[in-house]
Amino acid sequence: MTDLILQNPLTPHYFWMKKALDQALIAFDQGDVPVGAVIVHRDRVIAEAYNQREMLQDPTAHAEMIAMTQAVEVLQSWRLLDCTLYVTLEPCPMCAGAIVQARIPIVVYGTADPKAGACHSLFSITGDLRLNHQAAVLGGVMQEDCRAILQEFFRQQRALGKK
């Protein structure tokens, strides 16, 4: 049953994750870690972003952070209620903290991040009951596609002698 939800191209989660993956491809083409994010508010995309750390030389320029900034501008509120964040890679601690602060109620990610994931893998910031807000999190949507673009990016980086 879970695979029907996570991998079925007829589900809304698949549809929105495909849009996030399109954003990740832009980051890939620009030489940045290919992570893409989309924020949906009431069945409408209000923000689309991709990692821009290399381009902006900014350690905070993660796809999620840029998308949240765009969404705040659209909604004219720092509270991103009634929104769902779709992101190709499990959010890191910085992004997970911002998700909680922005009151985003739902996060859907593609592939887990065993080295920095802060929703399930290393930490559970988005679900920590000690915080005054939590987000429901669903991982594994289009997992193989999201993982494959990251693996290809890092394979190419290693071939070029980069970390």
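Analyst: Glu64 lies in helix H4, which runs over residues 63-75; helices (H or I, at least four residues) and strands (E, at least two) are DSSP runs, numbered from the N terminus. This is a predicted model, in which local features need pLDDT of at least 70, side-chain atom pairs count only at pLDDT 80 or more, and totals for chains, interfaces and linings use all residues. Residues are numbered from 1 along each chain as its sequence is written, and side-chain values use heavy atoms, with hydrogens and water left out.

The UniProt record, an unreviewed entry, places the annotation "active site" on Glu64; UniProt positions are in the numbering used here, feature names are shortened, and annotations may be inferred rather than shown by experiment. With a relative accessible area of 4%, Glu64 is buried (buried is under 20%, exposed over 50%, partly exposed in between, with a 1.4 Å probe and protein chains only). Apart from neighbours within four places in sequence, the residues in contact with Glu64 (heavy atoms within 4.5 Å) are Val35, Ala37, Leu85, Val87, Leu89, Pro91, Cys92 and Cys95.

Gln52 is another buried residue, at 12% relative accessible area. Gln52 sits in the loop that joins strand E2 (44-50) to helix H3 (53-56). Not counting residues up to four places away in sequence, Gln52 touches Asp32, Gln57, Ala61 and Ile66.

Helix H6 can be followed along its length and around its axis. The 17 residues of H6 (residues 143-159) should span 24 Å at 1.5 Å a residue, and the end C-alpha atoms are 24 Å apart, which agrees; the expected span is 1.5 Å times one less than the number of residues. Buried in H6 are Cys146, Ile149, Leu150, Phe153 and Gln157. These residues cover an arc of only 95° around the axis, so they are on the same side of H6; the arc is that of the directions from the helix axis to the C-beta atoms. The cover over them includes helix H2 (12-29), strand E3 (83-89) and strand E4 (106-111). Glu144, Arg158 and Ala159, on the other side of H6, are exposed. After H6 comes Gly161, which has a positive phi, near 80°.

Arg155 is partly exposed at 44% relative accessibility, and Glu152 is partly exposed at 28%.

The structure has five salt bridges. One of them joins the side chains of Asp82 and Arg42, at 3.0 Å from N to O. Asp82 is in the loop between H4 and E3, and Arg42 is in the loop between strand E1 (36-41) and E2, so this pair ties together parts that are 40 residues apart in sequence. Asp82 is partly exposed, with a relative accessible area of 45%, whereas Arg42 is exposed at 60%.

Asp128 and Arg130 also meet through their side chains in a salt bridge, at 2.6 Å from N to O. In this pair Asp128 is buried, at 18% relative accessibility, while Arg130 is exposed, at 75%.

Technical notes
Salt bridge = Lys/Arg side-chain N within 4 Å of Asp/Glu carboxyl O.
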